[in-house]
Amino acid sequence: QVQLVESGGGLVQPGGSLRLSCAASGFTFSNSVMSWYRQAPGKERELVATITSAGVENYADSVKGRFTISRDNAKATVSLQMNSLKREDTAVYYCKANVPFRWAAGTYDVWGQGTQVTVSS
């Protein structure tokens, strides 16, 4: 079964830290591009960070220098370390895998169910 399961969300004070994790199963994780997205109430879902199969990282300008994405291919997990959190980081955070087809060209996306992050005093 192809799936992603996020964990690690919660309530944190401004300036605090949280670490999100996403466990993958059912597909070849090491070949997949992994991303974190977030969606705040009333807003569109936005890309937060991406890490390629080669380990190249990219970040949204709003989180550069504060968030770090990492992956562990042996454990089929991707993490998002979030430091210096701000109220505007409050959102549901989603993990996404962009997975190459095994026997054909192209890729498909797998989404997790999301985990809530609330930054509030």
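This report covers strand pairing, the nonpolar core, the disulfide, the salt bridges and some backbone details of a predicted model.

Because the model is predicted, local features need pLDDT of at least 70 and side-chain atom pairs count only at pLDDT 80 or more, while totals for chains, interfaces and linings use all residues. Residues are numbered from 1 along each chain as its sequence is written, and side-chain values use heavy atoms, with hydrogens and water left out.

**Strands and pairing**

Strands here are DSSP runs of E with at least two residues, numbered from the N terminus. Two strands are taken to pair if DSSP finds at least two bridges between them. Strand β1 (residues 3-7) pairs with β3 in the antiparallel sense over five bridges. Within this pairing, Gln-3 has Ser-25 of β3 as its bridge partner.

In a regular strand the side chains alternate between the two faces of the sheet. In β1, Leu-4 and Glu-6 form the covered face, while Gln-3, Val-5 and Ser-7 form the uncovered one.

β9 and strand β10 (residues 107-111) are also antiparallel, with five bridges. Here Asn-98 is bridged to Asp-109 in β10. The hairpin of β9 and β10 has six residues between the strands, and in this hairpin Gly-106 takes a positive phi near 100 degrees.

**Nonpolar core**

A nonpolar core is a set of buried Ala, Val, Leu, Ile, Met, Phe, Trp, Tyr and Cys residues joined through side-chain atoms within 4.5 Å. Buried means under 20% relative accessible area, exposed means over 50%, and partly exposed lies in between (1.4 Å probe, protein chains only). The largest nonpolar core has 32 residues, of which Leu-4, Trp-36, Val-78, Leu-80, Met-82 and Tyr-93 touch the most other members. Two or more residues of this core come from each of β3 (18-25), β4 (33-39), β5 (46-51), β7, β8, β9 and β11 (115-119). The most come from β9, which gives five residues.

What does Leu-80 touch, not counting residues up to four places away in sequence? Its contacts (heavy atoms within 4.5 Å) include Leu-18, Leu-20, Trp-36, Val-48, Phe-67, Ile-69 and Tyr-93. Arg-19, Ala-49 and Thr-68 are also among the residues that Leu-80 touches.

**Disulfide**

A disulfide is counted when a pair of cysteine sulfur atoms lies within 2.5 Å, and by this rule there is one disulfide. Cys-22 is joined to Cys-95, with an S to S distance of 2.2 Å. The pair links distant parts of the chain, with Cys-22 in strand β3 and Cys-95 in strand β9, 73 residues apart. The disulfide is left-handed, because the torsion about the S-S bond of Cys-22 and Cys-95 is about -80 degrees. Cys-22 is buried at 0% relative accessibility, and Cys-95 is buried with a relative accessible area of 0%.

**Salt bridges**

A salt bridge is a side-chain nitrogen of Lys or Arg within 4 Å of a carboxyl oxygen of Asp or Glu.

| Arg-38 | Asp-89 | 2.9 Å |

Salt bridges that share partners join Arg-38, Glu-46, Arg-66 and Asp-89 into one network.

In the salt bridge of Arg-38 with Asp-89, the pair links distant parts of the chain: Arg-38 is in strand β4 and Asp-89 in the loop between β8 and β9, 51 residues apart. Arg-38 is buried, with a relative accessible area of 6%, and Asp-89 is buried at 0%. Arg-66 also counts as buried, at 10% relative accessibility.

Ala-76 has a phi near 55 degrees, a positive value in a residue other than glycine. Ala-76 sits in the loop between β7 (67-72) and β8 (77-82) and is buried, with a relative accessible area of 16%. Ser-84, also not a glycine, has a positive phi near 50 degrees. Ser-84 lies in the loop between β8 and β9 (91-100) and counts as partly exposed, at 40% relative accessibility.

Definitions and conventions. Helices (H or I, at least four residues) and strands (E, at least two) are DSSP runs, numbered from the N terminus.
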